[in-house]
Amino acid sequence: MVLEVENFYGVYLLYCTNPKYKGRAYIGYTVDPRRRVTQHNKGSKFGGARRTSGKGPWDMVLIVYGFPSDIAALRFEWAWQHPQKSRRLKHVTGKKSSEKAFNYRLRVLANMLQTTPWRRLPLTVQWLKQEYRTDFPVDLQPPSHIPIGYGQIKSKKVKKQSDNNEEDTDGDDLPSISFSQSSRCEVCVKKIKSDDMTVECIYPHCGVMSHIVCLAKHFLQNEPSELIPVEGICPRCKGSSRWGDIIRKKQGCYTDLMKEMTENENLASHWAEELHV
Ligand SMILES: [Zn+2]
Ligand SMILES: [Zn+2]
């Protein structure tokens with residue numbers, strides 16, 4: 001089974017299986033892992049990176065995804081490629097001469113997942129090939145909200161509302177949830193104005209609305225020094241959700257519920273601004 005993921009921003013690890021260069025590793029960023037690994041293996045003439053060109057075949061071994069934006073993923077990629085230059089990774093010791101490049105890259109990754117800001121992102125680590133699967137060291141386990149998955153993965157395009165404007169203007173397809181003037185924020189109980197930044201509970205049976213800042217504060221009750229929550233409990237249905245999944249719902253990942261959203265682009269950066277990050 002192939003897992004399909006919407007709004008996909010991933011950072012992957014390639015492993016070189018060419019006996020001449022065996023053991024080499026390469027880190028890259030992609031929105032489409034399947035297309036990207038094909039490009040690497042076809043070489044630089046077909047969009048593959050120069051460093052991997054002609055040294056294939058490469059296996060895409062692992063991918064980290066769930067970044068709120070391409071910029072967040074690109075920063076992660078850079079730090080993973082250059083741990084010795086990243087001010088956040090000063091504590092990670094350099095590659096030992098006895099250590100394989102691949103194992104070193106995994107050790108850097110394990111450290112990154114425990115380091116701010118990455119340890120607070122709603123990431124998933126996905127092993128794409130069973131034969132490379134390696135356990136993270138006991139003392140470097142990822143935080144509990146970062147699951148480790150296994151199996152192939154495929155990015156899926158999110159249909160924007162503008163895409164179906166032409167064939168459908170009467171709104172028959174729109175979900176029954178509609179914005180009502182009398183909606184109140186579940187946290188502060190104030191009326192929600194049409195230009196307020198709001199989020200909805202991810203559970204379809206609940207879907208309660210809150211101001212984005214109110215819900216963030218609610219989720220951060222037990223860690224007031226942080227700016228962006230990791231996870232929390234819905235004030236209405238008591239369902240547990242990851243902050244990143246709430247933002248992903250707002251961005252249109254849960255398309256069947258979210259067709260009413262018109263502004264589904266760049267929200268990740270908007271909410272970060274609103275929370276003064
Ligand atoms: Zn509020
Ligand atoms: Zn709820």
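Predicted model: local features only at pLDDT ≥ 70, side-chain atom pairs only at ≥ 80, totals over all residues.
Biologist: Which element supplies the largest share of the largest nonpolar core?

Modeller: The largest nonpolar core has 35 residues. Strand E2 (10-16), strand E4 (58-65), helix H2 (70-81) and helix H3 (101-112) each supply at least two residues of this core. The largest share is seven residues, and the element that supplies these is E4.

Biologist: Why is E4 largely enclosed by the rest of the structure?

Modeller: A residue is buried if 20 or more other C-beta atoms lie within 10 Å of its own. E4 is largely enclosed because, of its eight residues, the number that are buried is seven.

Biologist: Which residue of E4 stands opposite Leu14?

Modeller: E2 and E4 pair in the antiparallel sense, with seven bridges between them. Within E4, the residue opposite Leu14 is Met60.

Biologist: Which residue in E5 stands opposite Ile63?

Modeller: Strand E5 covers residues 124-127 and runs antiparallel to E4, to which four bridges join it. Ile63 is also one of the two residues with the most contacts inside the largest core. In E5, the residue opposite Ile63 is Gln126.

Biologist: Which residues does Phe76 touch, not counting those up to four places away in sequence?

Modeller: Phe76, together with Ile63, has the most contacts inside the largest core. Leaving aside residues up to four places away in sequence, Phe76 touches Val11, Val64, Phe67 and Trp118.

Biologist: How many residues does the second, separate core have?

Modeller: Among the members of this second core are Ile192, Ile202, Phe219 and Cys234. The number of residues in this separate core is 15.

Definitions and conventions
Residues numbered from 1 in each chain as written. Chains lettered and ligands numbered in written order. Core = buried A, V, L, I, M, F, W, Y, C linked by C-beta atoms within 7 Å. Buried ≥ 20, exposed ≤ 12 C-beta atoms within 10 Å, placed from the backbone. Contact = placed C-beta atoms within 7 Å. Pairing = 2+ DSSP bridges.
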